[in-house]
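Work through the exercises below with the model in view. Try each task before you read its solution.

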Amino acid sequence: MKTYRSLTIGFLAILSTLGYNLNAQNLADGLRFSQTVNNGTARFVSMGGAFGALGADFSSIAVNPAGVGVYKSGEFTITPSFKTQKVSSTFLGVSASDNKNRINLDNLGFVMSFKPYKSEDKGIQAYNLSFGYNRTNDYHSNAITLGDYNKYSIMDYFSAITNGKYTPSQLEPTTNYNPFNTLGGGAWESIMAWNTWLLYQYDSGTGTYEPAIYLQDSVKYKNISTTEGGSGEFTTAFGVNISNKLYLGASLGITDFNYTFNSTYSEDAKASNPSRPNGDRFYYMDYKQYVETKGSGFNLKIGGIYTPIPEVRIGLSLHTPTFYSFDDAFSSSIITNFDTTGTEVIFQSNSPLGRYDYHFETPMKITGSVAVIIMQKGLVSIDVEHLDYSTMRFRRGGDGDTFWDLNSQMGNTFKSVTNLRFGGEYKIGDIALRGGYAYYPSPYKSGFLNDKSKIQQISGGIGYRTGNVSIDFAYLRTLQDVKYVFYDLNIPSVTNKVRDSRVLLTFGFRF
């Protein structure tokens, strides 16, 4: 009968001080770092974020920094928001859902306008300077998935990655044992599975293992995941107004990023599942994973807005990549429960807390915009934004890794996309009615799991302005369907329907 095995506290204490990368960076990380959607002031959000040719809104500077040049006076804005999100998961016809509510500060902006001492209508009419903050992503989310499947267990995955690679002695640490010297950080899943009885040695000569549960047995799945954090950009921009026809601007963005992921993947045996020939019987297992990513970066943006006639505005902007520096912290553990000779025993094995630092570059971005003013009472605006996700790149890992294989994989997985944003506004006295729509196609190439996973945003709002004071309200509905798999085997995918509702309120004062 298999004897009890566990990782000693002393062993964990030694390895927790080492900076080894136990949790490799992946494709999902790159997309998370690079993808942003409609966020900012209430007026900006309510019109779908289609502000590249309009300007004179603090969040428009994030699309086209020439927008700061359109201001005729200074302005202060602040935008709190409330978000509620529902994630509905479906796996083989079994559905489950969870909710998350969150209060955020989406915008804080300040604009100053300086006018030269002259009366001519030609030449430079104003120099404008702005600084402030726009939230670019919110990662707070809860999701739960339930399922029942009789073909695979995560134990099959553990045996597949362990077979032929590691002997039992390699998976059983001793006082002076360091698996990184010979096995690498990727061995930790095998180590934890072996030391919690999820693997049984089948052939000592070939290093072959079999799952603790038989293939024909059925297990109940449960996966609970929680994410927290967000990203934002502190922006300083400078713009000029030339003859009230050409507006030019440039900005420096300092970005901040924090993301925390906690998940517990569980399998429970059914009452009908038999014991092994030696009498051991599996009851349940929990596989816990923790990842925390923190980072900061910078980017530059330049842009222009041209008004050939007062009713038409044309905008063009270029964003450099955002150059990030990241630091990851990560750990995992497995807890199992077995009946051994009539006694229930709980086993636990933990990986050390790992840390890893690296750099990352997001894609460049170019945006073309057109806006039409209708009788000084309304407007329609369109932004067309193009970027190539296959150009995302991980750089300079803390251990000297160049990420050649991962970067090549990103080039083969992702594609270029064209995002579309539409907005409209109609004024009735001091009241403005607004609506918008934004469409972000999937960045995955055809044939990949989420090649149809587009993001759609529908928005609307109302604004009131009297004198120098304005109050804007917006409602934003975000819809996306995302697929994922529990682990790397031929197991059916889970579909998550993500539905966000966000309410924003912007208070503005012009001076």
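**Exercise 1: Helix 8**

Task: decide how covered helix 8 is, and list its buried residues.

Solution. Helix 8 spans residues 188–195 and is mostly covered: eight of its eight residues are buried. Buried means under 20% relative accessible area, with a 1.4 Å probe and protein chains only. Helices are DSSP runs of H or I with at least four residues, strands are E runs of at least two, and both are numbered from the N terminus. The buried residues are Trp188, Glu189, Ser190, Ile191, Met192, Ala193, Trp194 and Asn195.

The model is predicted: local features need pLDDT of at least 70, side-chain atom pairs count only at pLDDT 80 or more, and totals for chains, interfaces and linings use all residues. Residues are numbered from 1 along each chain as its sequence is written, and side-chain values use heavy atoms, leaving out hydrogens and water.

**Exercise 2: The core**

Solution. A nonpolar core joins buried Ala, Val, Leu, Ile, Met, Phe, Trp, Tyr and Cys residues through side-chain atoms within 4.5 Å. The largest has 35 residues; Phe158, Leu198, Tyr221 and Met285 have the most contacts inside it.

**Exercise 3: Trp197**

Task: describe the backbone and ring of Trp197.

Solution. Next, take its ring. The centres of the Trp197 and Phe347 rings are 4.6 Å apart and the planes are at 20°, so the pair is stacked. Pairing needs centres within 6.5 Å, using the six-membered ring of Trp; stacked means planes under 30 degrees apart. Both Trp197 and Phe347 are buried.

Key:
Buried means under 20% relative accessible area, exposed over 50%, partly exposed in between (1.4 Å probe, protein chains only). Rings of Phe, Tyr and Trp (its six-membered ring) pair if their centres lie within 6.5 Å; planes under 30 degrees apart count as stacked, over 60 as edge-to-face and the rest as tilted.
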